[in-house]
Amino acid sequence: MTETLHYRLPWQSSSVYPGAHPGQMIGAGQLFKRHEPLIASPDPRRIDLRASVLDPFSSYRVRVYQQQSSVNVYLIADMSASMGYADKQQTLLRFLLTAAHSAFDYGDKFGFIGCTERIEQRWLLPAGQHLGRVSALAKQLERLSFSGSANGLQNALAFLPAERSLVFLLSDCHFPLPQLRAVLGSLQSHDVIPLVLWNQHEYATLPNWGLISFQDMESHSTRTLFMRPALRQKIVAAYRQRQHDLTHIFRAFGSEPLFITEGYSTQTVNRHLQQRVA
């Protein structure tokens, strides 16, 4: 059974379609928004007699309510070679299905943008409510061998709708920081939730002594080092500094990242989502 992401929006959706989120539109709802003249909202059932008596122009005033609206939910996924390491690819697939099911449960539309060296049509899923298309995409991704870089992330904005959307950005962020700033800068018109996938085996389980070979999964270049306690501590410290730098950049663009380092858990993501609007 697929678990549900309980996402809430700290902003109002501009969608005209009814849904589960606070909206800018006026319509069926329980939250009072304002009074309007009867001629602007011709519904005699909602005439407010007290407001009408107090109206200086002696016109009937009608109570109007805020409509709950839907929103587009997108997953922008890094599909570079480093995302094929360990369980990152499986985490991407699991989150894809979880996010899609959750969006459909809320009555929202879900879309997917997969990014490698560039953005290919086969890894694009426009926002919709077709679970079959999402399942078919997941099966294709499961058989795919991730390769190359994630340069396509910088072009993701071109495949997003103009209206503000909820965007999950899933990546290990193993690319230059200026590139990350460019990606976040291009997505400022949307609500971005960064999910950073790291695997502790990349750095936490290194031996204190011995020869060890490192390979760049994108360039395939290798480097052999003689591991010793001082070098191990230096590598761990570099990861901690990297996490600090990434957090600083995300916060500069108004997003709080969630670092997933000990395996994917929907409960962990939900706690992060609840803290956004607490």
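Which residues does F168 touch, not counting residues up to four places away in sequence? In this predicted model, local features need pLDDT of at least 70 and side-chain atom pairs count only at pLDDT 80 or more, while totals for chains, interfaces and linings use all residues. Residues are numbered from 1 along each chain as its sequence is written, and side-chain values use heavy atoms, with hydrogens and water left out.

Back to F168: its partners are L5, V73, Y74, L75, I76, F95, I193, L195 and L273, with contact taken as heavy atoms within 4.5 Å. F168 also turns up, alongside F110 and F112, among the residues with the most contacts inside the largest nonpolar core, a set of 37 residues. A core here is a set of buried Ala, Val, Leu, Ile, Met, Phe, Trp, Tyr and Cys residues joined through side-chain atoms within 4.5 Å; buried means under 20% relative accessible area, exposed over 50% and partly exposed in between, using a 1.4 Å probe and protein chains only. The elements that each supply at least two residues of this core are β3 (72–78), α2 (88–106), β4 (109–115), α3 (131–143), β6 (166–171), β7 (191–197), β10 (258–260) and α6 (266–276). Helices (H or I, at least four residues) and strands (E, at least two) are DSSP runs numbered from the N terminus. Helix α2 gives the most, with 7 residues. A second, separate core holds 32 residues, including L124, L180, V196 and M227.

On to the rings: the structure has 5 aromatic pairs. Rings of Phe, Tyr and Trp (its six-membered ring) pair if their centres lie within 6.5 Å; planes under 30 degrees apart are stacked, over 60 edge-to-face and the rest tilted. W198 and Y239 make an edge-to-face pair, at 5.5 Å centre to centre and 85° between the planes. Because W198 sits in the loop between β7 and β8 (210–215) and Y239 in helix α5 (residues 229–252), this pair ties together parts 41 residues apart in sequence. W198 is buried at 4% relative accessible area, and Y239 counts as buried at 19%. W198 also pairs edge-to-face with F259, at 5.3 Å and 65°, linking the loop to strand β10 across 61 residues. F259 is buried too, at 16%.

Elsewhere, F95, F168 and Y264 form one aromatic cluster. Finally, R164 lies over the face of W11, 4.9 Å from the ring centre; the criterion is NZ of Lys or CZ of Arg within 6 Å of the ring centre and within 35 degrees of the ring normal.
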